[in-house]
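Subject: Structure handover

Hello,

Here is the structure for you to look over. My notes on what turned up follow below it.

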Amino acid sequence: MKKVCLYITLGLAMGSAGCNKFLDKDPDVRAQLNSPEKVAQLIATAYPNMNHWTFTEAASDNASDRTAGSTEFESQDAYMFRDVIRANQQDSPEGYWGACYQAVAAANEALSAIAKAPNQAAYSAQKGEALVARAYSHFMLVNLFSKFYNATTAKNDPGIPYVTEPENVVVKQYERKTVQYVYDMIKKDLTEGLPLIKDEKYSVPSYHFTRAAAHAFAARYYLYIKQYDSVLTHTAQVFSDADVATRLRKWNTSYQNMTRLELMSTYQKATEPANLLLAETVSLYARYVGSSRYAFSPANRPLIVRVPAIYSDTSKAEYAFNFQVYGSEYVNVIPKVNEYFVRASVNAEIGWPYVMTPLFTMEEALFNRVEAMIAKGNSNGAVGLLNAWLSTRISGYNPVKYTLTAQKATDYYGKDVASSLKDLTLAYKRAEFLHEGMRWFDIIRNDLAVTHTTNNGQTYRLDANHRYFQIPQSAVLSGVELNPR
C-alpha cells in the first residue's frame, strides 16, 4: 500500500519523519473522509509532532556552559544567539516550523472535508478541535518566528503565514502579513472552535484539545496580549481556586517516592491530572537534556533549589524537584523527560525516538491566573494561588513555616507589591518548567535580559533581532521573507 504524507509547502523540509502513523493511508485519503470517525482520526495528527524544547531552553537564561558534553547545533547555536544551521532535523527551529505547518495541513484537510459533508452538524465536535488545533500551531509559530506581540507595533511587525485552505499546487506562494493579523485569526479560530468541543468524543482526552485544554490555551493567548479579564474568565473554566492544589503534580508527596524511571514516566502520562494536553513528538531531547554542553548546569542550580521569598536561615525551604546527577558533576537534571524509542520494524535496529510533551498543564494555567490577578490588583488572590502551588512543591511542607505573604515578596525583591509578586511568579514558574523551554516565552514577553558566557570567556547577549528565531530557508521558496539579522 502506497503511503503519503499530507503537507504544505511551508512544511516540506520536514521530510518523511513528519509522516505520522495516522496519515499512512491510500493516496486518495482525502476522498475517504466521509464520516466523523474518519475525520477525527485525521485531526489526531493536527498537533505538532516535534517540540521546541532543545532550542528554546538553550536560548534562555536557564542554560550555561557545562564545559563538557555534546555540541549539537540545535543547542549550541541557540545558546550563542546564532541562527540554528541544522535543517530538516528534529529539535531544530526548522523542524518545529515544518511540524506546525504539517499539523495545520491536517486541520485544513479535516475542515475542508467537514465543509463538504451533507450533514455538517454531525461533525461539530471535530470542527471545534480542528479549529483550535489550527489556531495553536499558528500561535506557536508567530511567537517563535516573529516579534512578540506589542499592541503599538503589531500592525506593522511581520507575522507568519496563516494558512486556512488545503494546498492544491506544488509550490504555493504565501505572505507573512502582520503579527496583528495572525493574532486576530488565532482569536477567530479559537473563539469559534472552543464552544464546539465535546470531551466525550475522545477515547484518551489528554491527547486532544478538551474544553479545559482549550480554555488553558485561551488563557495563554489573552495573557500574551494583556487582556487580563479574559485570562481570569478562561482559567476559571480550568480549575477552582479552592481545590487547585489537588490537581497539581505531587512533587513533595507521591513523586518523592518514585524512582527516576517511574517519575519520568508519570510526568508525561495521560493519567496525570496536571496534564491537560499531551503531544507525541519526534525528539532526541531526552538525551540532550543530560548530554548537551549548553544546558542547565550547577551554576544555575541554586536558583531552583532554594524557594525565593520563603527560604531563610530558619525555614530552609527547598524545592522537592528530585534533582539527579548523571555520571558527571556538570549534569544536573530533573527526571521529567522520557524517551520512547519506536523501531522501524520488529527486528530493526533503527527507528525514531519520541518524547511525550505536555503542551498545557494545570501549573501553567495557575501561573497565568496569578499574573492576571496581580495585574488586576488582586494580590490576596494571587498569594493564595501561589501558596496552593507551594504546598505541593516545598519539601516537607509546613504551612506555618512556609506560607507566602505579600510582605515576604516585597521584602525579598524590594519593590512594590505588584512588581514583587510578578517577579516571584516568574521565578516560581522558571523552576516549575525547567527543561521544557517555557522560560523563553517569559523572557521575550517581559523583555528580560539574557547573557551567556562560555568556558573560554566569550560572552553572548540577547539582542532585539534574536528574540525571535529565523524563518527556515526552505520557506523562502514559498515567498516568505526572512527575519532581519
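On a 1 Å grid over the protein atoms alone, a pocket is an open set of points with protein on both sides within 12 Å along at least five of seven lines, while a cavity is a set of points where a 1.4 Å probe fits but cannot get out. Lining residues have an atom within 4 Å of a point. Grid points are joined across faces, edges and corners, and a volume is the space filled by probe spheres set on the points.

The model is predicted: local features need pLDDT of at least 70, side-chain atom pairs count only at pLDDT 80 or more, and totals for chains, interfaces and linings use all residues. Residues are numbered from 1 along each chain as its sequence is written, and side-chain values use heavy atoms, with hydrogens and water left out.

Confidence
pLDDT is the predictor's confidence in each residue, from 0 to 100. The protein chain averages 91, and 92% of the residues score at least 70. Two stretches need a flag. Residues 1–6 stay under 50, with 20 contacts (heavy atoms within 4.5 Å) beyond four places in sequence. Residues 13–28 also stay under 50, and there the model has 39 such contacts.

Second largest pocket
Its volume is about 350 Å³. It is lined by 16 residues, and Lys147, Phe148, Tyr149, Asn150 and Ile444 are the closest to its centre. By class, the lining has eight nonpolar, two polar and six charged residues. Here Ala, Val, Leu, Ile, Met, Phe, Trp, Tyr, Cys and Pro count as nonpolar, Asp, Glu, Lys and Arg as charged, and the others, Gly among them, as polar.

Cavities
The whole structure has five cavities of 30 Å³ or more. Of its 21 lining residues, His52, Trp53, Tyr136, Pro358 and Leu359 are the closest to the centre. Helix H5 (124–145), strand S2 (275–282), strand S7 (351–361) and helix H16 (438–445) each give two or more residues to this lining. Helices (H or I, at least four residues) and strands (E, at least two) are DSSP runs, numbered from the N terminus. S7 gives the most, with five residues. The lining of the largest cavity is made up of 13 nonpolar, five polar and three charged residues.

Strands around S7
How are S2 and S7 joined? They run antiparallel, with seven bridges between them. Two strands pair if DSSP finds at least two bridges between them. Alanine 279 stands opposite threonine 357 in S7, and valine 282 has tyrosine 354 as its bridge partner there. Strand S6 (residues 340–343) is also antiparallel to S7, through four bridges. Arginine 343 faces glycine 351 of S7 in that arrangement.

Buried means under 20% relative accessible area, exposed over 50%, partly exposed in between (1.4 Å probe, protein chains only). S2 is largely enclosed by the rest of the structure, because seven of its eight residues are buried. S7 is mostly covered, with nine of eleven residues buried.

Valine 383
This residue is in helix H12 (residues 379–390). Valine 383 counts as buried, at 10% relative accessibility. Leaving out residues up to four places away in sequence, valine 383 touches Leu404, Thr405, Ala406 and Leu421.

Best wishes
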